[in-house]
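This briefing goes through the structure shown below by topic. Please keep the sequence and the model in view while reading.

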Amino acid sequence: MAASSRAQVLDLYRAMLRESKRFSAYNYRTYAIRRIRDAFRENKNVKDPVEIQTLVNKARRDLGIIRRQCLNDHPKQLNSACAAVEGEAAEAPLCLLPGTAHPLLCPDCGRTRVKVHISHLYSTDKLVIENQEKPRT
Amino acid sequence: MLLRAGWRRAALFVTVAPGPRPTVPSRGLRLSVVDDAPQSAVPTDAAAAPEAEVGLRPLYMDVQATTPLDPRVLDAMLPYLINYYGNPHSRTHAYGWESEAAMEHARQQVASLIGADPREIIFTSGATESNNIAIKELEAAIQPDTSLVSVMTVNNEIGVKQPIAEIGQICSSRKVYFHTDAAQAVGKIPLDVNDMKIDLMSISGHKIYGPKGVGAIYIRRRPRVRVEPLQSGGGQERGMRSGTVPTPLVVGLGAACEVAQQEMEYDHKRISKLADQLIQKIMKSLPNVVMNGDPEQHYPGCINLSFAYVEGESLLMALKDVALSSGSACTSASLEPSYVLRAIGTDEDLAHSSIRFGIGRFTTEEEVDYTVEKCVQHVKRLREMSPLWEMVQDGIDLKSIKWTQH
């Protein structure tokens, strides 16, 4: 895999800051923004591509954490989340908007609205019984 | 549109079943309940408010009492509260195996923070239980002249750091067991159980941005330290602490330890800077302020200041927008001044006027500035109202006054 380019790193940085702003808790929000800025600043002169890739991978994982935590944070907050997941652009991402009563498509960005449970954020493989072609009962 | 099967990270919409409106707690913080009236099947008997009123919450400056969960810790714990719910002691199926793997991984994370071997970490319900196990060891000692030295690494009230390495050196040379309660120190200052010759160490989860209800005790294996278990049962945790290990909590503790290890330097630098700012600003604006505790051997995040001629409790009440404490949470119910302050020789009147400011990983400069501003404002106001202050301003030496009894 080619090492991450400067553009990719910048995109990641912007994405992380954008997601961090959605924390509803003041302390988490300010910490995330501050820490991300300081961490990227601290590592800006790293030259070794392997090290850069390690840092980028860690940043991607943290971005995932922030996304999941922002959604957990406050039910109202979920409504303003457009949950486009990085790396899964091919799939139809979700979007939720405040106030609207679950139309199929979001009027703002045209993506699908779906109502899901926290277990989707931390989901795992299906049970063996769910893979059967025809349900028994 | 269909939800693709392989997709994990979907947007979340949580329905909160309203039920009867929760009673407002008497201390004035209101719970904000999100009412999702159209969707809910449960009828609310209270009038459906358009949106629950949200009061403004105070700033949190009491990190020695407890800390908020780091989002990274919560993220690590949630899978074990949702899908991976097996008992880690079940040996016969994947649910047990994955839970056990998580528990052992957490054990490794805790051990690496303090330079120990994972086999030396026993999970408990908190530092208090760990302390009890360690002290009980004294009674289980074989030799009649074995004794135990128990010292707090960082004091929770005044933030003083004890010279652990030196004490450890002395204890090991005299063949005396050395226990330290490192609840406030783990993850904040570098600790190594081998360098500091520590035999027993208590660790608390909720002091290091981890969950409440979990902790650990470090028990040295070489040379072996024998402890007697407090609770007996199924023999879990090498027989030292029976009872099912709570996987979600220990995963949280492990994650908190790992995060602490990574963030220790950054946090320490930041907290020191904020602490200096707080102390300088207060000292600059107010006379007669004493910082309790040794200024050199001091953990910066715990600042205990005594404001002369101001009663501590009244200052706490005045600073209602900031969550503070005077002395430790465990003794906050009583009105006695802190035993720690008394022990370091603080005058009775100064001991009553002490406030503890806690600065943690999530504290911002804005919060510190706000706290300083309010503190200065209220101390000035309370001093204006104080007859003792008036007398001091007039040059009367308070110690020379003969108070008469009525």
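Is B:Arg356 buried or exposed? B:Arg356 counts as buried, because its relative accessibility is 1% and the limit for a buried residue is under 20%. The model is a predicted one.

**Salt bridges**

- Over all chains, the whole structure holds 19 salt bridges.
- B:Arg356 pairs with B:Asp62 in a salt bridge, with N and O 2.8 Å apart.
- This pair links distant parts of the chain, since B:Arg356 is in strand S10 of chain B and B:Asp62 in the loop between strand S1 (59–60) and helix H1 (71–82) of chain B, 294 residues apart.
- In chain A, A:Asp11 and A:Arg14 form a salt bridge with a closest N to O distance of 3.2 Å.
- A:Asp11 and A:Arg14 are three residues apart, about one turn of the helix, and both lie in helix H1 of chain A.
- A:Asp11 is partly exposed at a relative accessible area of 46%, and A:Arg14 is partly exposed at 48%.

- B:Glu120 sits in the loop between helix H2 (94–114) and strand S2 (121–124) of chain B.
- B:Glu120 is buried but makes no salt bridge; B:Arg220, the nearest side chain of opposite charge, is 5.1 Å away, and a salt bridge requires a nitrogen within 4 Å of a carboxyl oxygen.
- The side chain of B:Glu120 instead reaches a backbone atom, the nitrogen of B:Arg221, at 2.9 Å.

**Aromatic rings**

- The count of aromatic pairs over all chains is eight.
- One of them is A:Tyr13 with A:Phe40, a tilted pair because the planes stand at 50°, with ring centres 4.8 Å apart.
- That pair ties together parts 27 residues apart in sequence, because A:Tyr13 lies in helix H1 (residues 6–20) of chain A and A:Phe40 in helix H2 (residues 26–42) of chain A.
- A:Phe40 has a relative accessible area of 22%, so A:Phe40 is partly exposed.
- The rings of A:Tyr28 and B:Phe362 are edge-to-face, because their planes are at 70°; the centres are 5.5 Å apart.
- This second pair crosses between chains: A:Tyr28 is in helix H2 of chain A, and B:Phe362 is in the loop between strand S10 (354–358) and helix H9 (365–384) of chain B.
- A:Tyr28 is buried at a relative accessible area of 19%, and B:Phe362 counts as buried at 3% relative accessibility.
- Both rings are part of one aromatic cluster, whose other members are A:Phe23, A:Tyr31 and B:Tyr209.

**Charges over rings**

- The charged end of A:Arg35 is placed over the ring of B:Tyr266, 3.8 Å from the ring centre.
- Within chain B, B:Arg383 lies over the face of B:Trp389, 4.8 Å from the centre of the ring.

**Chain A**

- Chain A contains four helices and two strands, in the order α-α-α-α-β-β along the sequence.
- Of the 137 residues in chain A, 36% are buried.
- An unreviewed UniProt entry annotates residues 7–64 of chain A as "domain: Complex 1 LYR protein".
- Over residues 7–64 the chain is 81% helix and 0% strand, with the end C-alpha atoms 19 Å apart.

**Backbone features of chain B**

- The peptide bond between B:Arg222 and B:Pro223 is cis, with omega about -5°.
- B:Pro223 is located in the loop between strand S6 (215–219) and helix H5 (247–285) of chain B.
- B:Glu237 lies in the loop between S6 and H5 of chain B, and its phi is positive, near 55°, though the residue is not glycine.
- B:Glu237 is buried, with a relative accessible area of 7%.
- B:Lys175, also not a glycine, has a positive phi of about 60°.
- B:Lys175 is in the loop between helix H4 (164–174) and strand S4 (177–181) of chain B and counts as exposed at 72% relative accessibility.

Note on methods. Residues numbered from 1 in each chain as written. Chains lettered and ligands numbered in written order. Predicted model: local features only at pLDDT ≥ 70, side-chain atom pairs only at ≥ 80, totals over all residues. Heavy atoms only, no water. UniProt positions renumbered as here; feature names shortened; annotations may be inferred. Phe/Tyr/Trp six-rings, centres within 6.5 Å; stacked < 30°, edge-to-face > 60°. Buried < 20%, exposed > 50% of the residue type's maximum accessible area, 1.4 Å probe, protein only. Lys NZ or Arg CZ within 6 Å of the ring centre and 35° of its normal. Lys, Arg positive; Asp, Glu negative; His and termini not counted. Polar contact = N/O pair within 3.5 Å; in protein donor to acceptor, adjacent residues only side chain to side chain.
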